[in-house]
Amino acid sequence: MCGIVGYVGSQQAGPVLLEGLTRLEHRGYDSAGLALVGSSGIRVAKRAGRVRDLADALPKRFSGRTGIGHTRWATHGPANDVNAHPHADTDGRVAVVHNGIIDNAAVLRQRLSDDGVVLASDTDTEVLAHLVARSAAETLEAKVADALAAVEGTYGLAVLHADFPDRLVVARNGSPLLVGVGEREMYVASDLAAIVRHTTTVAHLDDGEIATVTAGGFTTYRLDLTRTARDATTLDVDPAARSEERR
């Protein structure tokens with residue numbers, strides 16, 4: 001099963017994300033990847049195989065304090081480096097990780113192709129990156145909402161945009177996603193196991209809900225961008241889970 005982890009804060013995101021992906025390895029996967037946003041924009045690294053293979057292949061100076069990571073179990077296209085998440089738009093300004101299945105992906109892929117977009121992968125997820133990038137909305141929340149208005153299917157997703165390097169926007173519909181609250185740093189995950197060493201104070205998104213996540217906190221919305229009242233709660237988790245060895 002696929003796994004998502006995200007981070008925004010003062011630490012280098014790469015090691016935090018790799019640790020989170022390692023903690024999700026028990027769910028099964030065939031590829032893994034990271035996207036970080038820094039002073040030079042978004043950089044993506046992904047690799048078919050294990051998380052350790054990804055870690056060994058990361059380029060030098062792969063840095064950034066906001067990022068997303070993913071472990072994928074192939075549904076659209078074979079397990080290879082190109083089909084691994086994250087997926088980016090043509091200009092590399094947007095990166096997306098996604099759990100779930102976009103039921104109308106074939107229609108959306110054809111529509112994008114007809115508009116001159118060259119799709120790099122076989123996946124349904126890649127269309128999300130292009131749809132977000134093509135939105136004329138002014139905020140990242142609105143760009144994501146625009147993209148999701150065209151989508152039919154299930155998703156737990158996290159979006160990174162070079163023009164908004166201080167934040168992640170995440171959304172849920174039929175695939176679990178939670179936001180973790182730290183001290184001036186925030187986390188995103190599809191499973192608490194990915195972030196339990198850092199925090200057990202979390203907010204679980206409902207279906208049809210979007211969240212903007214910055215180092216200072218999070219704000220939740222419906223798909224029409226009206227605000228929702230989503231509070232974080234501290235879970236009663238066995239302390240041993242916070243210090244267990246990485247799988």
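Which residue forms a salt bridge with Asp163, and how far apart are the closest N and O atoms? The partner of Asp163 is Arg93, and the closest N and O atoms are 2.2 Å apart.

## Basis of the report

The structure is a predicted model, in which local features need pLDDT of at least 70 and side-chain atom pairs count only at pLDDT 80 or more, while totals for chains, interfaces and linings use all residues. Residues are numbered from 1 along each chain as its sequence is written, and side-chain values use heavy atoms, with hydrogens and water left out.

## Salt bridges

A salt bridge is defined here as a side-chain nitrogen of Lys or Arg within 4 Å of a carboxyl oxygen of Asp or Glu. The count by this rule is ten salt bridges. One of them is the pair of Asp163 and Arg93. Asp163 belongs to the loop between β7 (155-161) and β8 (167-173), and Arg93 to the loop between β5 (87-88) and β6 (94-99), so this pair ties together parts that are 70 residues apart in sequence. Strands (E, at least two residues) and helices (H or I, at least four) are DSSP runs, numbered from the N terminus. Asp163 is partly exposed at 45% relative accessibility, and Arg93 is partly exposed at 36%. In these terms, buried means under 20% relative accessible area, exposed over 50%, and partly exposed in between, with a 1.4 Å probe and protein chains only.

Glu141 and Arg167 also meet in a salt bridge, at 3.2 Å from N to O. Glu141 is in helix α5 (residues 140-149) and Arg167 in strand β8, so the pair ties together parts that are 26 residues apart in sequence. Glu141 is buried, with a relative accessible area of 8%. Arg167 forms a salt bridge with Asp166 as well, the closest N and O atoms being 3.0 Å apart. Asp166 is partly exposed, at 38% relative accessibility.

## Helices

Helix α4 (residues 126-134) packs with α5 at an angle of about 125 degrees, and their axes are 8 Å apart. Axes are lines fitted to C-alpha atoms, for helices over the stretch in contact, and angles run from 0 to 180 degrees between N-to-C directions. The angle makes α4 oblique to α5, because angles under 35 degrees count as roughly parallel, over 145 as roughly antiparallel, 65 to 115 as roughly perpendicular and the rest as oblique. On the α4 side the contact (heavy atoms within 4.5 Å) is made by Leu128, Leu131 and Val132. On the α5 side it is made by Leu140, Lys143, Val144, Ala147 and Leu148.

Why is α4 described as largely enclosed by the rest of the structure? Seven of its nine residues are buried. Among them are Leu128, Leu131 and Val132. The buried residues of α4 pack against β5, β6, α3 (105-114), α5 and β7. Helix α1 (residues 13-23) is likewise largely enclosed by the rest of the structure, because ten of its eleven residues are buried.

## The open sheet

Eight strands form an open sheet with antiparallel pairing, in the order β3-β2-β4-β1-β10-β9-β11-β15. Two strands pair if DSSP finds at least two bridges between them. The edge strands, β3 (41-48) and β15, each pair on one side only. Within the sheet, strand β9 (residues 178-181) and strand β10 (residues 186-189) run antiparallel and are joined by four bridges. Val179 stands opposite Val188 in β10.

Strand β12 (residues 209-214) pairs with strand β13 (residues 217-222) in the antiparallel sense over six bridges. A hairpin through two residues joins β12 to β13, and Ile210 has Tyr221 of β13 as its bridge partner. Tyr221 also has a bridge partner in β14, namely Arg227. Strands β13 and β14 (residues 227-228) run antiparallel and are joined by two bridges. They form a hairpin with four residues between them, and Leu225 in the turn has a positive phi of about 70 degrees.

Ala229 is placed in the loop between β14 and β15 (233-234). Ala229 is exposed, with a relative accessible area of 75%. The C-alpha atoms of Ala229 and Thr219 are separated by 8.4 Å, the two residues being ten apart along the chain.
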